[in-house]
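Reader: Hi! I'm new to looking at protein structures. Could you walk me through this one?
Author: Happy to, here it is.

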Amino acid sequence: MSEPRGLEDAVPDLLYGEAETELRSAVRALLEDRCGWPDVLARTETPETYDAGLWRALAADLGCAGLLIPESQGGAGASYREAAVVAEEAGRAVAPVPYLGSAVVATAALLAAEGAGRAGNEELLAGLADGTVTAALAVPFAAMPGARPEPTVRLGASPVQAEPGDGYWLSGTVTGLTDALPADVLLIPVDAVPYGLYAVRAAEPGVSLVPVVSLDMTRQLADLTLDEVPARRIASGEAAQRAVAAALTAGAAVLAAEQLGLAERCLEITVAYLKERRQFGRPVGSFQALKHRLADLWVGVTQARAAARYAAACLATDDPDVAVAVALAKAACSDIAVRAAEECVQLHGGIGFTWEHPAHLYLKRAKSSATGFGPPDRHRASLAQLVNLPGA
Amino acid sequence: MWPAVRFAERRVVNDKTLNGAARAADDLRRQVRDFLAAHPVSAEPLGFLRARFDAGLAWVHYPPGLGGQGLSRDLQPAVDSAFTAAGAPTNHPERSGIGLGMAAPTILAYGRHDQQKRWLRPLWTGEEIWCQLFSEPGAGSDLAGLATRAVRDSSGERWVVNGQKVWTSVAHLARWALLVARTDPDLPKHQGLTYFACDMTAPGVEVRPLRQLTGEAEFNEVFLTDVVIPDSDRIGAVGEGWKVATATLMNERVAIGGGALPREGGMIGSAARTWRQRPEQRTPGLHDRLLRLWADAEVARLAGVRLRQQLAAGRPGPEGSGAKLVFARLNQEISEFEVELAGPDGLRYDDWTMRRPEGANFYGRGPGYRFLRARGNSIEGGTSEILRNIIAERVLGLPPEIRVDKDVPWKDLPR
C-alpha cells in the first residue's frame, strides 16, 4: 500500500529526453524503411510471421536488444525510459518483431534472477545484448503481473549435475505464448517445490512450439509442449518468483508504451484521411461531430502518454510506486489503443473495414494487447489493494 | 358511459375484420390444396415454383398475373405455411434477399408492365439472382454524388456505362443488378441520375471479391467498362434515378431492421452462455458490464417488438431510425466484452482464409470474428453518423447542416 502521492516535485520526469528522442528517430527511420504496413499485412499470411531480418536490424544493428542490459554485461546500460520509446515506435508500425518478449520480458527475468547458474546467465545475457540470441518467457500472453502461473509444467531431476543448475528436465504444456516462435531460448517458470525458473534451448528435440491462429497475426501466439527437455535452473524459490514478477511487470509497462504509439498512429492517419476525404462537397473532417470526436481522442492519447511515461520512469528508478504506475498505464493505454483503433476503422468508413487497408492491423493489435499482461479491468482491480479502495 | 361505448365500437370493427380475414385465408388454403392436387410436391422444383407463381400463390399482395392476387400482405403466412406443411419445394428466400426485398418492390413500383412480366417470375423462383450497384469508392454516405456514367448513344436505344461500384453482395452470383448511374453531369447531383437493370453477364462487367478485415469477402467490387444497356432496361424516367433509388433504400432499411427474437436471442445470448460456462473468467468488473449489456439488449429487444407492433397497426413512427443505431452499438459493445470475457481464448482466431461466404455468420464462429465483423454494423446500410443526422434533422426538426453542394452542377463539385 503506497502513501498518497502529493507534490508535483515528487513525480519523476515525464518528458522525453534527448537520448530518448534520438533513439526514437533512429528506430522510426528503420521501421519506415523496412516495416511498411503492406509488408506487415502480407507477412501475416506467410509461415514466417516474425520478420527475422528486421529483428536483427533492430536488435543488433541498432542495439535495441541490449538497452536494459548493463554495459558490464554487454548491453547499452540504458533504462525502461528508452525501452518504452522503442516500444512506442514498434507499436506505431505494428512491427512483427519479438522486441517486447525478448528485449524486455525475458531480459527483465534474467536480470532479476541473479543467483543460481551465474555463468550460464552471463553468457545468455551477452547473447541477448548483442542480438545474437532471442529469448522468451514461457507464460501465457494474458498472464497478469503478480498472478502465479498455472502449474502446467512438471520438473524432473537426474542425479548427475555437471554444473550448478544443470541436470533437470521439464515436461508439460504452456499455451498462448507471445514472441515465442522466433526464440532460441525459452525461460520456463515451474511451480514446483521450490518454485523455479529454467532455461531450455528451443531447438531441443523435446520442445514443440506450435503456431496458433491468432487474432493478431503480427504477434503470433504459440502453444508450447515440453517432453523431458533438459533444462538449466536459472533461479529458485523467492528469487525465481521475483524474476517472473519483474518480467511481467516490465512487460505490462512497456506494452502500455507500445499501445500509446499505436493509438497515436491511428489518430494521425485518421486525421489525415478526414482532411482529404470529401463527401457532400466538403472534406469529411469539416463536420463538427467528427472534429469533436478526434479532439476527444487526442485528449485521451495525451492523458495516456503521461501514464505510460510515469510507468517507464518508475521502473527506471525502482520507484516504490511502480505497481500503481504499471496498473494505471496498462489500463489507460489499453483502453485508448482500442478506442483509437475502433475510431480509425469507423471514421475511414467502408474502406476501414477492408483487408487492404491498415486499420484492421491496428485494431487487432490493440484488442489483443489489451489482454496482454492483464486486461484493463484486472489492472484497475489491482489498484483496490494498492490504494486502499476495497470492494463491496 | 363514454369508455363503454367506445369499447363496443372497437369490438364490432374487429369482429368484422377478423371474419373477413379468416374467410380470405381459408380461401387461399383451399387454392393451395387445389394447386397441390394438380402439382405434386415431388415434381421438378423449378417447374413447381413457376406454376405456383403463375397461380398467384407466390406473393399474394402482388397484382394478378405477377405472382399475386392483389390481397393483403397479412395473408401470405397462411399460404407459405400451407406449402411448407405439404413439403413443397422452396424458392429459398434466404438466397434471394436483395431480389425479393429490394429489386421486386422497386420493379413493382417503377417498372413498366413488360419489365415486371419479364423479371418478376424468375426473381421470385430464384432462377435469377439480383444484386445492387449503388455505392462507389467516392460515393458512400454521399450516394447521390456517384460518378458511374451512362451515356445514351446516337440511336437513343442504348446506354454505354463506365464506372466502379463497391460493397455489392452476391455480385458473382447475380444475373441482374439494380444500377444507378449519372446521365446528366450538368445538373445538381440528385437530379442527373437514372436507374437501370444491368445484365451482369454483359461484356464489360467485371466482378472482384472485396476482402474484409475478418479475412473473407462477403462483398465485391464491380468494374463497368463500356457496358451496353438497352434503354428498355431503364427503370423509371431519365433523371428520376434518385427517386427510384430512394424507394429501393427504404426497402433495404426495413429489411435490415430485423425480425423478432426471443430474450437472449441475439448477441447477448452468446455472451450470457459464455458467462454461465466459464465461472473462472468472472470478475466483479466484468459482471457489472455484463448485467448492463444484458439490460440494454433486453430493452432494445422490447423496443423492436414495439416498433413491429406499430408497423402492424399501420402506425409507423420515427423510432425505427433509432433501431439500427442501437443494434450497431450493442453488437459492438457485446462483442468487445465477449473477447475480454474469453481471456486467453480471446487472443485466438478461427480462420483467416479468404473465401466468399453467403453473409455474416455471427453465431457460428468465435468471439474474435464477432468483434471484427460487428465493426461493420455501424458502417453498412447507413453509417451511425448519418443516422444521427437523419434523426436530428428529420425527426427532431433541428436546422440542417448547410449543404454546399445542393444546387451546384455535379461536374463542378470538388471530389
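Reader: Thanks! Which domains does the domain assignment give for chain A?
Author: Keep in mind that this is a predicted model. The assignment gives domain 1 (7-129), domain 2 (135-242) and domain 3 (243-386) in chain A.

Reader: Let's look at domain 1 and domain 3 of chain A. What distance separates their centres?
Author: Taken over C-alpha atoms, the centres of domain 1 and domain 3 of chain A are 20 Å apart.

Reader: And how many residues are in contact there?
Author: On the domain 1 side of chain A there are 31 residues, in contact with 31 residues of domain 3. About 2,800 Å² is buried between domain 1 and domain 3 of chain A, with carbon and sulfur atoms giving 73% of that area.

Reader: How many salt bridges cross that interface?
Author: The rule finds 2 between domain 1 and domain 3 of chain A. As for salt bridges between side chains, A:Arg92 and A:Glu268 form one, at 2.9 Å from N to O.

Reader: Nice. Which helices supply residues to the domain 1 side?
Author: Helix H2 (37-43), helix H4 (80-92) and helix H5 (99-112) of chain A each supply at least two residues of the side of domain 1 that touches domain 3. H4(A) gives the most, with 9 residues.

Reader: Last one: how do the residues of that side divide into nonpolar, polar and charged?
Author: On the side of domain 1 of chain A that touches domain 3, there are 22 nonpolar, 3 polar and 6 charged residues.

Key
Residues are numbered from 1 along each chain as its sequence is written. Chains are lettered from A and ligands numbered from 1 in the order in which they are written. This is a predicted model: local features need pLDDT of at least 70, side-chain atom pairs count only at pLDDT 80 or more; totals for chains, interfaces and linings use all residues. Side-chain values use heavy atoms; hydrogens and water are left out. Domain bounds come from an automatic or database domain assignment. Contact means heavy atoms within 4.5 Å. Buried area is the accessible area (1.4 Å probe) that two parts lose on being put together, summed over both. A salt bridge is a side-chain nitrogen of Lys or Arg within 4 Å of a carboxyl oxygen of Asp or Glu. Helices (H or I, at least four residues) and strands (E, at least two) are DSSP runs, numbered from the N terminus. Ala, Val, Leu, Ile, Met, Phe, Trp, Tyr, Cys and Pro count as nonpolar, Asp, Glu, Lys and Arg as charged, and the others, Gly among them, as polar.
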